[in-house]
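Visitor: I've got a model open and I'd like to learn how to read its packing. Could you walk me through it?

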Amino acid sequence: MSEPSLTSLEITTQPGCWRRAAEAAASAAGLPRPGERVAVTGCGTSWFMAQAYAALREASGQGETDAFPASEFPVSRTYDRLVVITRSGTTTEVLDLIAEVRERWEVLAVTADAASPVVRAADEAAVAAWADEESVVQTRFATTALAFLRAGLELTGRLPEGVKRLAEAAADAETAVIEPLPRAVLSAEQWTFLGGGWAYGLAQEAALKMREAAGAWTESYPAMEYRHGPVSITGPGRAAWILGVAPEGLEADVSRTGGVLVSDGGRLDPMADLIRAQRLAVAVAESRGLNPDAPKGLTRSVILNG
């Protein structure tokens, strides 16, 4: 039997990483304060975590919160604080954005490397070195960054109705790292990930993990938008996976296509359910003879010349 990939091993450490993130948030400087107008940014996986946090913060009533990819940030807008998520702390677009807005807004960087340029560029930095990965593909750092920001929301106000506290999410994550994956989803040829509210960013990330690690055909949509066209892609041998509670009637709509709906009825926290999608990405990659630790064409950080 071959040795498990780095990615698969890193995936299993997430429950402990999230708990440590909650401890870090309790004494962290620079977290958004209730009432501030906040923008959150990143690239790739970090952008999807930014989307999830922005939706969760605004739904909690703690202030207007927007999320943009660093390369498409509308710098003419006005914010009180910019939160940047960057594992390496070296991503060119992120550093360029900070340089452009630093004189106008407070900047908090969430990163994995205390020696990275982003730590020097930001006003405050939260360094989750314990959540860094050896693998190119991000898994535990991304969710740990979101866990840290989510814990900050718990410290300063209430979470939206139906959203679990981080301690409960970490307990769900312990289930997600060991629970068998549905056979139908392992054998599918195409996967569509869905999520509503803050879980939409997680659905985007689930689809990205499948593309990165396994070169798989995946798509992602807001849960209620799926029936406005994208449902046409689903059929026999294809799966739709909902992170969180499925909208009423969705299961019947998927069933009519001949496809499979993967839904746990909201039993797991959506962030924990993302872990199952990460595991699926590794399983599909390995079934195709691919190395999930080093996907084709990817590097740990995108650093542009000149």
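Visitor: Leaving aside neighbours within four places in sequence, which residues is glutamate 154 in contact with?

Guide: Contact means heavy atoms within 4.5 Å. By that rule, glutamate 154 meets Leu159, Lys164, Arg165 and Leu166, with neighbours within four places in sequence set aside. Glutamate 154 belongs to helix H6; helices (H or I, at least four residues) and strands (E, at least two) are DSSP runs, numbered from the N terminus. Before we go on: this is a predicted model, where local features need pLDDT of at least 70 and side-chain atom pairs count only at pLDDT 80 or more, while totals for chains, interfaces and linings use all residues. Residues are numbered from 1 along each chain as its sequence is written, and side-chain values use heavy atoms, leaving out hydrogens and water.

Visitor: Is glutamate 154 buried or exposed?

Guide: Buried means under 20% relative accessible area, exposed over 50%, and partly exposed in between (1.4 Å probe, protein chains only). Glutamate 154 has 17%, so it counts as buried. Phenylalanine 48, at 7%, is buried too. You'll find phenylalanine 48 in helix H3 (residues 45–59), touching Gly201, Gln204, Glu205 and Leu208 once residues up to four places away in sequence are left out.

Visitor: How do I read a helix like H2, and which of its residues are buried?

Guide: Start with its span: the expected value is 1.5 Å times one less than the number of residues. H2 (residues 14–26) has 13 residues and runs 19 Å from first C-alpha to last, close to the expected 18 Å. Its buried residues are Gln14, Pro15, Cys17, Trp18, Ala21 and Ala25. Down the axis of H2 they fall within an arc of 160 degrees (taken from the directions from the helix axis to the C-beta atoms), so they line one face of the helix. Glu23 and Ala26, on the other side of H2, are exposed. The cover over the buried residues includes helix H1 (6–12), H6 (140–156), helix H7 (166–176) and H11.

Visitor: What about the nonpolar core: how many residues does the largest one have?

Guide: A nonpolar core is a set of buried Ala, Val, Leu, Ile, Met, Phe, Trp, Tyr and Cys residues joined through side-chain atoms within 4.5 Å. The largest one here has 70 residues, and Trp18, Leu149, Trp191, Phe193, Leu202 and Leu280 have the most contacts inside it. Helix H11 (residues 270–287) supplies the largest share of this core, 10 residues. Another core, of 17 residues, lies apart from it and includes Phe68, Ala70, Ile98 and Ala121.

Visitor: And aromatic pairs, how many are there?

Guide: A pair of aromatic rings is described by the distance of the centres and the angle of the planes. Rings of Phe, Tyr and Trp (its six-membered ring) pair if their centres lie within 6.5 Å; planes under 30 degrees apart count as stacked, over 60 as edge-to-face and the rest as tilted. The whole structure holds 6 aromatic pairs. Phenylalanine 73 and tyrosine 79 have ring centres 6.1 Å apart and planes at 65 degrees, so that pair is edge-to-face. Phenylalanine 73 also forms a tilted pair with tryptophan 105, at 5.8 Å centre to centre and 50 degrees between the planes. Phe68, Phe73, Tyr79 and Trp105 make up one aromatic cluster.

Visitor: Which charged end sits over the ring of tyrosine 79?

Guide: A charge sits over a ring if NZ of Lys or CZ of Arg is within 6 Å of the ring centre and within 35 degrees of the ring normal. Over tyrosine 79 it's the charged end of arginine 37, 4.5 Å from the ring centre.
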